[in-house]
Amino acid sequence: MTASTPDTSATTQTPETHAPRATPETPATPEASFTAPATDERLERVAAALKEKNFDVEILDDATAARARVKDLIPEGAAVFTVASETLRLSGIEEDINESGRYDSVKARGTAMDRATQMTEIWRMLACPDVVVGSVAAVTETGSLVAASASGSQLPAYSGAAPRVILLVGAQKVVPDLDTALRRVDEYCVPLEDERAMKVYGVPSALNRLLVLNAEPHPGRTTVLLLREAIGF
């Protein structure tokens with residue numbers, strides 16, 4: 001989820017540790033179902049379902065592997081928008097893209113612009129970068145990706161405006177179906193995002209917009225990097 005205005009600044013939360021990988025004995029309580037990483041068997045099932053719907057999918061061990069893979073996937077000099085995401089922050093990908101000088105950081109450009117007079121230009125820039133890199137709140141075993149947002153700043157790029165989409169998804173975000181995905185957003189993600197938004201922006205978040213990606217009509221456009229570890233929320 002994102003905060004109530006388009007996010008063009010880096011976050012400053014205290015770093016968190018990554019959760020361990022799943023085991024077959026993972027408990028099935030509602031809280032555990034939203035926080036425990038999925039087993040390899042479930043990740044393979046998700047990957048197969050996503051591939052059937054034209055998403056490119058790779059299963060990676062951890063955030064370190066994802067960090068290296070993202071660098072390989074994005075050409076140097078590309079205009080890249082990193083959405084507000086704990087997953088990107090904790091993995092180091094947000095810093096790699098916005099501070100390395102390797103890419104044209106949309107977030108950095110937007111931060112330097114005047115929101116009072118250039119808001120339309122900022123929205124256009126966020127909507128159609130060369131590449132958008134982000135995450136989702138849930139991925140279903142039937143092959144749907146669910147993104148939630150207060151401002152909607154990442155949704156145009158996700159849904160079709162950006163030529164390339166890279167989504168980094170922690171193993172704890174795997175759920176059986178769309179109903180459970182929406183429940184995960186409402187019961188688990190929203191309270192955590194609200195807390196984050198208050199710390200970072202000084203305003204509460206809100207579940208104003210939901211986007212469900214059921215398929216990718218343009219093969220090769222969207223790459224989903226599924227991790228075997230839990231990261232973000």
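The structure is a predicted model, in which local features need pLDDT of at least 70, side-chain atom pairs count only at pLDDT 80 or more, and totals for chains, interfaces and linings use all residues. Residues are numbered from 1 along each chain as its sequence is written, and side-chain values use heavy atoms, with hydrogens and water left out.

The protein chain has an average pLDDT of 89. This score is the predictor's confidence in each residue, from 0 to 100. A pLDDT of at least 70 is reached by 87% of the residues. A contact means heavy atoms within 4.5 Å.

The whole structure contains 15 salt bridges. A salt bridge is a side-chain nitrogen of Lys or Arg within 4 Å of a carboxyl oxygen of Asp or Glu. One of them joins the side chains of Glu141 and Arg45, at 2.7 Å from N to O. Glu141 sits in the loop between strand 5 (138-140) and strand 6 (145-149), and Arg45 in helix 2, so the pair ties together parts that are 96 residues apart in sequence. Helices (H or I, at least four residues) and strands (E, at least two) are DSSP runs, numbered from the N terminus. Glu141 is buried, at 17% relative accessible area. Arg45 is partly exposed, at 36%. Buried means under 20% relative accessible area, exposed over 50%, and partly exposed in between (1.4 Å probe, protein chains only). Glu141 and Arg45 also belong to a salt-bridge network with Glu41 and Arg42.

Helix 2 (residues 40-52) also holds Ala49. Ala49 is buried, with 11% relative accessibility. Ala49 touches Glu141, Thr142 and Gly143, leaving aside residues up to four places away in sequence. The C-alpha atoms of Ala49 and Glu141 are 6.7 Å apart, although 92 residues separate the two along the chain.

Another salt bridge pairs Arg89 with Glu86, with 2.8 Å between the closest N and O atoms. Both residues lie in helix 4 (residues 86-91), three residues apart, about one turn of the helix. Arg89 is buried at 13% relative accessible area, and Glu86 is buried at 7%. A further bridge links Asp104 to Arg109, where the closest N and O atoms are 3.0 Å apart. Asp104 is partly exposed at 28%, and Arg109 is partly exposed at 34%.

The search of the whole structure finds one aromatic pair. The ring centres of Phe34 and Tyr188 are 6.4 Å apart and their planes meet at 40 degrees, so the pair is tilted. Rings of Phe, Tyr and Trp (its six-membered ring) pair if their centres lie within 6.5 Å; planes under 30 degrees apart count as stacked, over 60 as edge-to-face and the rest as tilted. The pair links distant parts of the chain, with Phe34 in helix 1 (residues 30-35) and Tyr188 in helix 9, 154 residues apart. Phe34 is buried, at 4% relative accessible area.

On the surface, Leu178, Leu182, Leu207 and Leu210 form a nonpolar patch. Together they have about 290 Å² of accessible area. Accessible areas come from the Shrake-Rupley method with a 1.4 Å probe; for residues, only the protein chains shown count as cover. Patches are made of residues with over 30% relative accessible area and no salt bridge; like charges are joined within 9 Å, and nonpolar side chains (Val, Leu, Ile, Met, Phe, Trp, Tyr) within 5 Å. Leu207 lies in the loop between helix 9 (178-201) and strand 9 (209-213). Leu207 is partly exposed, at 32% relative accessible area.
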